[in-house]
Amino acid sequence: MLAKMTAAERKEALSGRVGDSSVRQYLAVISKTYRILQKSRDYNGPNPAKNVVWPAVDRALNHEERYIPDDVLANLLRTARRLESEGWTSTVGKYGSPRRFMLKPGSTTLFGFLAVAGTRLSEAQRITVRGAQEQFLSINITKNGNSRTIPRLPAITRVLERRLEEMRDYVQSDYRLWHEVDSPNTKMDTRQAWNVLMKEMDINYRLHDLRHTAVSNLFLKTDLRDQEIMLITGHLSPSVMARYAHLRSAKLAERCKDVGLGLEF
């Protein structure tokens, strides 16, 4: 992204609020520049990017900001379906340039799948038409390198059946289930589609919040143990699951309501 910007565009981008991802990109460029200097110019000075310390964030505290309520999610998918049926939507580029961006076929079911299955985007994009018809979904290429299988929960089954109906001409094939959303820049296309959807609805959620919502609902709406949820979501660290533990406070209170009732004080 940085390489495609002119000096004027970089100045404009930095004049407003800069998001964390942009800051990380700038720091990465600075760090690489200093590494090149150290190797090719015998520069022995410090790399300032290495001294940047990111503030710790208590992820449990911003759950409400990242969790997408059922009614908002339902409206989100309806809006996505409408934009998808229209074929394209007008929007304005980051630096004011007008453009047309297509909400590609399959975007709605992809968003729905992420919201109920809790997979990462890259994992969902590798599911094939044949694989979607199996009793368990096999996720073989993952962020942490550990393959896993996901049970066909009712909500997952519904969204897969909807997508398979859309893909009826490719049944029993090894086409990727969301191949129409696929391209050399698939993740960017999907994220752009998500940003178009957020602007259309005038709300501000991240695409990754769909995964956060799915994991939260496994805690809120099921009695699965943490280890069982980890098998579904692919999390390896119990410390990550601990961020969701507070969601079960109400359930714990209900289950413990009879504790101590036989005592007299």
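Mentor: Let us begin with Ile139, which lies in strand S3 (residues 136–139); helices (H or I, at least four residues) and strands (E, at least two) are DSSP runs, numbered from the N terminus. This is a predicted model, in which local features need pLDDT of at least 70 and side-chain atom pairs count only at pLDDT 80 or more, while totals for chains, interfaces and linings use all residues. Residues are numbered from 1 along each chain as its sequence is written, and side-chain values use heavy atoms, with hydrogens and water left out.

Ile139 has a relative accessibility of 2% and therefore counts as buried, a term that means under 20% relative accessible area, with exposed being over 50% and partly exposed in between (1.4 Å probe, protein chains only). Leaving aside residues up to four places away in sequence, Ile139 touches Glu123, Ile127, Ser147, Arg148 and Ile150, where contact means heavy atoms within 4.5 Å. Ala124 is 15 residues from Ile139 in sequence, and the C-alpha atoms of the two are 8.2 Å apart in space.

We may now turn to the charged pairs. Side chains of opposite charge can pair when their charged atoms come close. A salt bridge is defined here as a side-chain nitrogen of Lys or Arg within 4 Å of a carboxyl oxygen of Asp or Glu, and by this rule the count comes to 12 salt bridges.

One of them joins Lys221 to Asp70, with the closest N and O atoms 2.7 Å apart. This pair links distant parts of the chain, since Lys221 belongs to helix H9 (residues 209–221) and Asp70 to helix H4 (residues 70–86), 151 residues apart. Asp70 counts as partly exposed, at 43% relative accessibility.

Another salt bridge is formed by the side chains of Glu166 and Arg162, at 3.9 Å from N to O. These two residues are 4 residues apart in helix H7 (residues 154–166), so about one helical turn separates them. Glu166 is partly exposed at 29% relative accessibility, and Arg162 is likewise partly exposed, with a relative accessible area of 44%. Both belong to a network of salt bridges that links Arg81, Glu84, Arg162, Arg163 and Glu166.

A further salt bridge pairs Arg225 with Glu228, whose closest N and O atoms are 3.4 Å apart. Here Arg225 is exposed, with a relative accessible area of 54%, whereas Glu228 counts as partly exposed at 28% relative accessibility.
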